[in-house]
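Keep the structure open beside you and try each task before reading its solution.

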Amino acid sequence: MSNIVRLDFQGQSVAFTEDGWFNATVAAKRFEKVPHEWLRLPETRRYLKALKSKYGKIPYLRTSRGNGGGTWLHPKLAVAFARWLDADFAVWCDDQIDVLLRTGQRQAMTVWQELQALQLADADSLARASFGSNLMLERKQALPGLRQRRLQLEQEFAPQLLAG
């Protein structure tokens with residue numbers, strides 16, 4: 001998978017690839033849904049059929065395991081999927097994909113937004129660790145990286161506070 005771009009939607013990180021693929025698993029979790037529910041809908045099946053008629057057989061989803069894993073949807077499906085999740089989220093996704101496709105890059109996440117996203121990831125990791133020893137081990141392995149990145153961000157952020 002190409003480089004992952006993380007963008008902020010209302011305090012939560014959403015992952016895209018630079019070519020517009022969208023991590024549907026992570027996005028759906030926020031709305032307490034799962035991608036396979038959407039893929040089974042008759043309307044989704046009709047949409048996939050229409051895409052196939054126009055573009056031929058294209059890969060419309062990728063799955064991967066591990067860190068950053070899940071179900072990734074083709075850019076042609078991302079907004080339709082986002083509409084199923086939430087209207088405001090769909091509009092936001094449409095804007096982000098447009099920027100990615102037009103410019104090939106993301107709008108820079110501010111240091112403050114990145115620090116907030118890191119703190120959310122840390123809190124999520126702590127909560128998940130309480131569910132079992134494997135998740136506790138994952139957290140133990142991830143903590144040094146989280147702490148190092150937090151320190152880097154805090155050092156970047158401090159001069160901004162003094163300048164403001």
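Helices (H or I, at least four residues) and strands (E, at least two) are DSSP runs, numbered from the N terminus. Residues are numbered from 1 along each chain as its sequence is written, and side-chain values use heavy atoms, leaving out hydrogens and water. This is a predicted model, where local features need pLDDT of at least 70, side-chain atom pairs count only at pLDDT 80 or more, and totals for chains, interfaces and linings use all residues.

**Exercise 1.** Work out how many helices and strands the protein has, and the pattern they follow.

*Solution.* Start by counting: there are seven helices and five strands. Next, read along the sequence, which gives β-β-β-α-α-α-β-β-α-α-α-α.

**Exercise 2.** Find the residues with the most contacts inside the largest nonpolar core.

*Solution.* First, the terms: such a core is a set of buried Ala, Val, Leu, Ile, Met, Phe, Trp, Tyr and Cys residues joined through side-chain atoms within 4.5 Å. Buried means under 20% relative accessible area, exposed over 50%, partly exposed in between (1.4 Å probe, protein chains only). The largest core has 21 residues, and Phe22, Trp38, Phe81 and Phe89 have the most contacts inside it. At least two core residues come from each of α1 (24-30), α2 (35-39), α3 (42-55), α4 (75-85) and α5 (87-103). The top contributor is α4, with six residues.

**Exercise 3.** Decide whether Thr71 is buried or exposed.

*Solution.* Locate Thr71 in strand β5 (residues 70-73). Thr71 has a relative accessible area of 15%, so this residue is buried. Beyond four places in sequence, its contacts (heavy atoms within 4.5 Å) include Phe22, Pro35 and Leu61.
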